[in-house]
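Welcome! Please take a moment with the sequence and the 3D view below before reading on.

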Amino acid sequence: MTELGSVAWPPAPIKTERLLLRESEARDRAAFIELFASPEVGAYIGGPRPRDECERALPETPERRPGLFVIELDGAMIGTIELNRRDAERRSHVRPDAGEAELGYLFLPEAWGYGYAAEACGAVLGWFADALPGEPVVLCTQTANDRSMRLAAKLGFTEVQRYEAWGAEQWMGVWSPGTRPA
């Protein structure tokens with residue numbers, strides 16, 4: 001993953017009404033394995049990874065990953081949010097250098113339906129707008145992923161394009177700091 005520019009990492013933890021967004025810690029390993037091995041989580045991102053593969057591949061102590069926030073509720077990890085710089089050869093060019101930040105998120109199925117994704121993503125977008133004023137953020141999801149499509153609209157992403165990839169129609173939207181979520 002590339003850096004997000006001149007942003008110091010990790011930032012101070014971000015607190016919302018119900019959540020804490022922080023850097024990953026060794027105690028999060030089991031939740032990461034659950035995320036990656038979950039059939040529900042993997043439904044729109046290429047399927048789940050085999051649990052034994054996750055057990056072998058994930059280090060006991062996570063590496064520091066600029067742009068990765070763990071989402072914590074009542075002391076337990078319920079998901080992740082990540083901001084990555086897109087490579088120049090990837091499909092969107094909403095910035096002249098095509099290096100826009102891309103928002104990605106994964107939540108454990110038991111955390112779905114409570115508004116945590118909107119709360120956490122809104123907080124990260126607000127942090128990003130303060131850290132890198134004027135920088136757009138893109139989000140990509142399958143059009144069949146109704147939850148992600150609704151979240152993108154709620155956060156203020158506007159459609160840039162649709163395209164075919166990985167055997168499904170994909171949607172790409174862009175968010176600009178002037179469209180901060182409420």
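## A predicted model

Please keep in mind that this is a predicted model. The values below were computed from its atoms.

## Aromatic rings

Let us start with the rings. The structure holds five aromatic pairs. One of them is formed by F32 and F36, a tilted pair with 6.0 Å from centre to centre and 35 degrees between the planes. Both residues belong to helix α1 (residues 29-37); because F32 and F36 are four residues apart in that helix, about one helical turn separates them.

How accessible is each partner? F32 is buried, with a relative accessible area of 10%. F36 counts as partly exposed, at 23% relative accessibility. The ring of F36 has a charged neighbour too: R49 lies over its face, at 5.6 Å from the ring centre.

Elsewhere, W9, F69 and W127 are linked into a cluster by ring pairs.

Now to the charges. How many salt bridges does the structure hold? The count is 15.

## Another salt bridge, and a network

R162 and E169 form a salt bridge as well, with the closest N and O atoms 3.6 Å apart. Both partners are partly exposed: R162 has a relative accessible area of 41%, and E169 has 33% relative accessibility.

Some salt bridges share partners, and in this way R22, E25, R27, D28 and E72 are joined into one network.

## A residue in strand β4

Finally, where does N84 sit? Its place is in strand β4 (residues 76-85). N84 is partly exposed, with a relative accessible area of 24%. N84 and L68 are 16 residues apart along the chain, and their C-alpha atoms are separated by 8.4 Å.

Key:
Residues numbered from 1 in each chain as written. Predicted model: local features only at pLDDT ≥ 70, side-chain atom pairs only at ≥ 80, totals over all residues. Heavy atoms only, no water. Helix = DSSP H or I, 4+ residues; strand = E, 2+ residues; numbered from the N terminus. Buried < 20%, exposed > 50% of the residue type's maximum accessible area, 1.4 Å probe, protein only. Phe/Tyr/Trp six-rings, centres within 6.5 Å; stacked < 30°, edge-to-face > 60°. Lys NZ or Arg CZ within 6 Å of the ring centre and 35° of its normal. Salt bridge = Lys/Arg side-chain N within 4 Å of Asp/Glu carboxyl O.
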